[in-house]
Amino acid sequence: MDKRVFGPTGVEVPVLGQGTWQMEEDGRAEALRALQVGLDLGMTHVDTAELYGYGDVESLVGEALAGRRDEVFLVSKVMPNNATYAGTIQACERSLKRLRTDRLDCYLLHWPGPHPLEETLRAFERLRTDGKIRAWGVSNFDVDDLEEALAIAGPGRMACNQVLYHLRERQIEHRVLPWCERHGVAVVGYSPFGSGDFPEPDSPDGRVLAEVARAHGATPRQVALGFLMRRRSLFCIPKASHEAHTRDNAAAGRLRLTAHDIARLEEAFPPGPVQRELPVV
């Protein structure tokens, strides 16, 4: 599995990780097995959040990581409603307990919320000083929000911005991705298969995807992941609740798309016009 330096942290992180959104809806034993197989295959960047199953998914992740914590780059998120100074610290402590660990590798604000961002970032810095987190970042932040975070924290503090990114939703490429690249912030794409909007095999863009996949002896989903990780700033966290899906995802870590492949996919899946608001799920 390829690794890249994760923003300003200096830590090399697998480009392909494991997301856990909605995993509380899956069979627990099978989801647990899928996560553990993912670790075996090098997908040791594991992302979760206190929101997911209202803590149930963090507990599942903690079970999956038992005895393997030091292998993993572990990320969780605080809900915006909890993100006061004291609330952020308390939320982190609860997450650590559910995850059965003494620290997070990165802690994110799940999306911009009602509390002053200064409070949240001050709490993040306190948690970092105390060794409860090693780095912090944000999620679902548009450029105005990123600018505010930068003005508060200063350069070299924000590790990543986690955003919606898939073949049919490339809005981040207009403004967010260039901003993050200018400021050395990693970009982590969630829902890389579109949450039900993955191209159908008989659709025009789906046929292009299938042709590129056949040329590489790969699956369309592997090609999609390869495209979404094509730049050095990009990481992906697909969710898989079945071992077979985990193995399929992991194989994308070995896929090398050509410039011609990327050009074909760029044409088949254009970014579309700039929207006023950053799409989220």
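Leu108 sits opposite Gly137 of strand 6. That's a handy way into this predicted model, since strand 5 (residues 106–109) and strand 6 run parallel, paired over three bridges. To get from strand 5 to strand 6, the chain passes through helix 4 (residues 117–129), making a right-handed β-α-β crossover.

**Strand 6 itself**
- Side chains in a regular strand alternate between the two faces of the sheet.
- Here, Trp136 and Val138 point one way from strand 6 (residues 136–139), while Gly137 and Ser139 point the other way.
- Buried or exposed, these four? All of them are buried.

**On to strand 7**
- Strand 6 also pairs with strand 7 (residues 158–164), again in the parallel sense and over three bridges.
- Ser139 has Gln162 of strand 7 as its bridge partner.
- Helix 5 (residues 143–153) carries the chain from strand 6 across to strand 7, and this β-α-β crossover is right-handed too.

- Nonpolar side chains tend to be buried together in soluble globular proteins.
- The largest nonpolar core in this model has 72 residues, and Tyr107, Val223 and Leu265 are the ones that touch the most other members.
- Helix 8 (residues 220–228) supplies the largest share of this core, with five residues.
- Leaving aside residues up to four places away in sequence, Val223 touches Leu209, Val212, Ala213, Ala218, Leu255, Leu257 and Leu265.

Notes. Residues are numbered from 1 along each chain as its sequence is written. This is a predicted model: local features need pLDDT of at least 70, side-chain atom pairs count only at pLDDT 80 or more; totals for chains, interfaces and linings use all residues. Side-chain values use heavy atoms; hydrogens and water are left out. Buried means under 20% relative accessible area, exposed over 50%, partly exposed in between (1.4 Å probe, protein chains only). Helices (H or I, at least four residues) and strands (E, at least two) are DSSP runs, numbered from the N terminus. Two strands pair if DSSP finds at least two bridges between them. A crossover is right-handed if, with the strands pointing away from the viewer, the path from the first strand over the helix to the second runs clockwise. A nonpolar core is a set of buried Ala, Val, Leu, Ile, Met, Phe, Trp, Tyr and Cys residues joined through side-chain atoms within 4.5 Å. Contact means heavy atoms within 4.5 Å.
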